Amino acid sequence: GPRRALAAVAPGGAERKRPKPLPEGSTYPAKELCSLCGLCDTSHIGKVKEACAFLGEGMGRIDHMEGVVHGRGRNLNDELELYFGVAEAVRPIRMVPEARPEKRSWTGVVTSIACEMLRSGRVDAVLCVGSVSPDRPLEPRPLLARTPEEVLACGGVKPMLSPNLKPLEELQTEAGRDIKRLLFIGVGCQVQALRAIESDLGLEKLYVLGTNCVDNPRDSEALQRFLKSASDTPETAIGFEFMQDNRIHVKHNDGRYEKIPVFSLKDPHTCTGVIAKSCYACFDYVNALSDLTVGYMGAPWEGVKMTEHSQYCVIRNERGREMVELLANKGTLELGDSEPAGGGWPREGLIGGVLKPELDLAFGRRAPREGPPRWLSEALSELLTAVGPRGLDFARASIDRATLRNIVCARAQGAKGRGRADAPVLPAHAAALEERYSELVEDMVRRYEGGEVV
């Protein structure tokens, strides 16, 4: 049944009733576009219309919110900020090998920052994501960790939609009222909702550590369907990532790593319906409202395991700088002196070829056994890695791809696209990228017009 609402004390001592979270099993306000961020599982549901990244003006609010969060909006005339958002600096980042925690999500950067924020007393808790159970390691269970040990116990990747805002309800209870300084770790749609309710949380300070995010499986069934198409032993997979060598790297519980060319999924047509519909309506790949964003895509390929690879970070403001310097000053984290290198083939000539199979997948048009044989897929991945976009230009190509695909998905569906790719819902940075590819977008919209994202 419905969960009881918590009472709150209003200024002046008067007691007011907080809105009730939605009962379990309810349809969420954003319906099929819901990213299950957890907001509606809290008493902050009363702000869902202005907080949700997929309702009303949605991600179009980023344009204004960047100024509120960072003290200024992004400079769309600056190529770096156009793609990566407000940035004090964009830098390569990596943990010193001997400082990497044994149990970590990927490289240990995010885990180590979270642990040190607790050890240093800068925060009382870290909102991070553990696993549902040891036998379901890829399924998320967000929680408030109060010790470094609790953070470390959350190590490992959970590549699914996750209700990261749900534990914020604990801040309204007796058990959580002593949490006044919080580090929140999450992805763009979660962070946008968090920023909309930040002033209601009763916190003295909030730090937000974000990751890049794109194309999450919508549930555990969808995740397993993808893994069966990608991996020879999906039952032992404990994480995967699309890496800069144009391969999907799958980590297994026996220590093995599979590297599967993106062109050689065994049954790509079975992956229609894997990606959450919210991800097809997202325009915040780079987590623009975080204080610090950490990810892989902007770091040049190094040819090592993904758990040992360099990453890149976007330091957006003084809070983001504080988090990085906390480890850098201890000598456990290496921060580059300049932006990661770019280069390679101009990405503009490649985007159209990448978009078609992605849109075929979105609209349910992928044919069985479509794609080249494995040997050719390996050769194509090698070629693209050697001469294709790399470093920051690989990241820009990834952002172009996701942005244009999602614009086409919204426009081609007509009314069913709910105007997600039109002003004022489409953020200014996405509209600026579209202008560079306007003919390609128009052609793709015509090609998929009348279809429906599955």
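Trainee: Is Asn 287 buried or exposed?

Mentor: In this predicted model, Asn 287 sits in the loop between β10 (257–261) and β11 (292–295). Its phi is near 60°, a positive value in a residue other than glycine. The cut-off for burial is under 20% relative accessible area. Asn 287 has 0% relative accessibility, so it counts as buried.

Trainee: Which residue forms a cis peptide bond with Ala 423?

Mentor: The omega of this bond is about 5°.

Trainee: How many residues of α11 are buried?

Mentor: Helix α11 covers residues 392–412. From its first C-alpha to its last it reaches 30 Å, close to the 30 Å expected at 1.5 Å a residue. Just after α11, Gly 414 takes a positive phi of about 60°. The helix is mostly covered, and of its 21 residues the number buried is 20.

Trainee: Why is the chain described as being as compact as a globular protein of its length?

Mentor: The chain contains 13 helices and 13 strands. For 454 residues the globule rule gives 22 Å, and the chain is as compact as a globular protein of that length because its radius of gyration is close to that value, at 21 Å.

Trainee: Among contacts between residues at least 6 apart in sequence, what percentage join residues at least 24 apart?

Mentor: Along its principal axes the C-alpha trace spans about 70 × 55 × 45 Å, and buried residues make up 56% of the 454 residues. A contact here requires heavy atoms within 4.5 Å. Of the contacts between residues at least 6 apart, the share joining residues at least 24 apart is 71%.

Trainee: How far apart do the centres of the positive and negative side chains lie?

Mentor: The chain exposes about 18900 Å², of which carbon and sulfur atoms supply 51%. There are 60 positive and 63 negative side chains. The distance between the centres of these two sets is 4 Å.

Note on methods. Residues numbered from 1 in each chain as written. Predicted model: local features only at pLDDT ≥ 70, side-chain atom pairs only at ≥ 80, totals over all residues. Heavy atoms only, no water. Helix = DSSP H or I, 4+ residues; strand = E, 2+ residues; numbered from the N terminus. Rg over C-alpha atoms; globule rule 2.2 N^0.38 Å. Buried < 20%, exposed > 50% of the residue type's maximum accessible area, 1.4 Å probe, protein only. Areas by Shrake-Rupley, 256 points an atom, 1.4 Å probe, with all protein chains shown as cover. Lys, Arg positive; Asp, Glu negative; His and termini not counted. Charge placed at Lys NZ, Arg CZ, Asp CG, Glu CD. Expected span 1.5 Å × (residues − 1).
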